[in-house]
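The sequence and the model are shown first.

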Amino acid sequence: MRFISHSVAQTQQLGGILAKQLQPGDVLLMLGDMGVGKSEFTRGLARGLGITGYVTSPTFTILQVHEEGRMPLYHFDWYRLSDVEELYELSMDEYLYGDGVSVIEWPSRAEEAIPESYLQVELIPVGDEERVIELTPVGGFRSIDENQMQKEGAELA
């Protein structure tokens, strides 16, 4: 399914709307070029999960853990990985298959570590501020309720 965002605020809003449908153990792969809004979407997702603290991109730490919401958010950024072994040293499996939602930016840097089932979230720029945001369930990931997302304010592309 495809949604349109006209601003950073709407990108965050869409993340917040999606968060209401997420369950423990869900994995989201964030696709898109640098600066397209992956971290902004994740900030909205965090707010939708009830996380109130500051949510930064974990570019230099690889993983940020946020535990104060209705379930934990494990925010990965694999951009600076030198190899997949770094993820296993961080006990990645405990997070990816744990009791929270895992968001992975730059998943192509360690494709062999990607779980079989995930929600692919692709952000595609179509203007200075506008983004098309595509949500694609992969490998048995359940369907996202498009009607519920629209009801809460998500605009279909």
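Which residues of β5 lie on one side and which on the other, and are they buried or exposed?

## The strand β5

The model is predicted. In β5, one side carries V101, V103 and E105, and the other carries S102 and I104. Every one of these residues is buried, and both faces of the strand are covered. In a regular strand, side chains alternate between the two faces of the sheet. Since five of the five residues of β5 are buried, the strand is largely enclosed by the rest of the structure.

β5 has parallel pairings with β2 and with β4. With β2 the pairing extends over four bridges, and L29 stands opposite I104 of β5. With β4 there are five bridges, and these two strands also run parallel. Here V101 of β5 is the bridge partner of L73.

## The sheet

β5 belongs to an open sheet of seven strands, in the order β1-β7-β6-β2-β5-β4-β3, and the pairing is mixed. The edges are formed by β1 (2-5) and β3 (63-66); each has a single partner strand, so one side of each lacks a neighbour in the sheet. On average, and with direction ignored, neighbouring strands are turned by 20 degrees against each other.

β2 also pairs with β6. The two run parallel and are joined by four bridges, with M30 standing opposite V121 in β6.

## The helix α2

α2 packs on the sheet and touches β2, β4, β5, β6 and β7. The direction of α2 makes about 170 degrees with that of β5.

How many of the eleven residues of α2 are buried? Eight of the eleven are, so the helix is largely enclosed by the rest of the structure. The buried residues are K38, S39, F41, T42, R43, G44, L45 and A46. Their packing partners are α1, β2 (27-31), β4 (73-77), β5 (101-105), β6 (118-125) and β7 (131-138). Just after the helix, G50 takes a positive phi of about 90 degrees.

## The largest pocket

The largest pocket holds about 280 Å³ of space. Its lining consists of 20 residues, and those nearest the centre are M34, G35, V36, G37 and K38. K38 is also one of the buried residues of α2.

Which helices each supply at least two residues of the lining? They are α1 (8-19) and α2 (38-48). The largest share comes from α2, which gives three residues. By residue class, the lining of the pocket divides into eight charged, seven polar and five nonpolar residues.

## The loop residue D33

Where is D33 found? D33 sits in the loop between β2 and α2. With a relative accessible area of 57%, D33 is exposed, because exposed means over 50%. The buried residues of α2, by contrast, fall under the 20% limit.

Neighbours within four places in sequence aside, D33 is in contact with K38 and W106. The C-alpha atoms of D33 and I124 are separated by 8.1 Å, although the two residues are 91 residues apart along the chain.

Methods
Residues are numbered from 1 along each chain as its sequence is written. This is a predicted model: local features need pLDDT of at least 70, side-chain atom pairs count only at pLDDT 80 or more; totals for chains, interfaces and linings use all residues. Side-chain values use heavy atoms; hydrogens and water are left out. On a 1 Å grid over the protein atoms alone, a cavity is a set of points where a 1.4 Å probe fits but cannot get out, and a pocket is an open set with protein on both sides within 12 Å along at least five of seven lines; lining residues have an atom within 4 Å of a point. Grid points are joined across faces, edges and corners, and a volume is the space filled by probe spheres set on the points. Ala, Val, Leu, Ile, Met, Phe, Trp, Tyr, Cys and Pro count as nonpolar, Asp, Glu, Lys and Arg as charged, and the others, Gly among them, as polar. Buried means under 20% relative accessible area, exposed over 50%, partly exposed in between (1.4 Å probe, protein chains only). Contact means heavy atoms within 4.5 Å. Two strands pair if DSSP finds at least two bridges between them. Axes are lines fitted to C-alpha atoms, for helices over the stretch in contact, and angles run from 0 to 180 degrees between N-to-C directions.
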